Every structure is written in structure tokens, then in C-alpha cells.
Amino acid sequence: MGFTESSDTLQFSSNKLLIELCGQLDINLSKIESLAEVQIVRRGNELSIYGLKDNCDLTKKLINDLYSDLERGKNFDDRELDIYFQQA
């Protein structure tokens, strides 16, 4: 990725839910990075998002929506991740 216009850091209270959000070997984060054209760096219970401002904003919304659904007990698979992204 080239020029970074923006960055955001999200903090999460539940490491268990964050692990579910990220997926096995961070596969969900990789997919989100690819779809949104951002870079996501995971450190502890934080995710830092780097990229163009609009892409960072979209990614932040998507991740917050996914995490909120996990808090409510909803699980998602790879196909549902695509649906989340299309709706965002």
C-alpha cells in the first residue's frame, strides 16, 4: 500500500470477541483489508487501520458493526462478511 492519508485505532473490551472477529489466522482481517484497500494492524485488543480516509471510515464502520453483532451473539461466515461489506 502506498500513501496513507488517514489512520484510526479501535479498542475492544473482549479479546474473545476480537479473536472471532479477526478469524483464524486473521483471515477476516485480510479479507477486509483486500475489500476496503486498507492496512489493518492488530496489537493486543486494538486494531489500527491505515489508508485513504474514506476507506478507513468504511472499514471502521464495518468492523464496529461486526463486533456489535458478535456482542449480541450473532456469528458470521465468509459469505456473510461479503454481505456486511456490500451493505456498508
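I started with T59, which counts as buried because its relative accessibility is 0% (buried is under 20% relative accessible area, exposed over 50%, partly exposed in between, with a 1.4 Å probe and protein chains only). This is a predicted model, where local features need pLDDT of at least 70 and side-chain atom pairs count only at pLDDT 80 or more, while totals for chains, interfaces and linings use all residues. Residues are numbered from 1 along each chain as its sequence is written, and side-chain values use heavy atoms, leaving out hydrogens and water.

I placed T59 in helix α3, residues 53-71 (helices are DSSP runs of H or I, at least four residues, and strands are runs of E, at least two, numbered from the N terminus). I then listed what T59 touches: I32, A36, V38, I40 and I49, leaving aside residues up to four places away in sequence (contact means heavy atoms within 4.5 Å).

Next, salt bridges. I got five, taking a side-chain nitrogen of Lys or Arg within 4 Å of a carboxyl oxygen of Asp or Glu. One of them joins D57 and K53 at 3.1 Å, N to O. D57 and K53 are about one helical turn apart because they sit four residues apart in helix α3. D57 is partly exposed at 34%, and K53 is partly exposed at 41%.

I also noted D65 with K61, at 2.7 Å, N to O; both lie in helix α3, four residues apart, about one turn.

Last, I checked D69 and R72, whose closest N and O atoms are 2.3 Å apart in a salt bridge. D69 is buried at 12% relative accessibility, whereas R72 is exposed at 62%.
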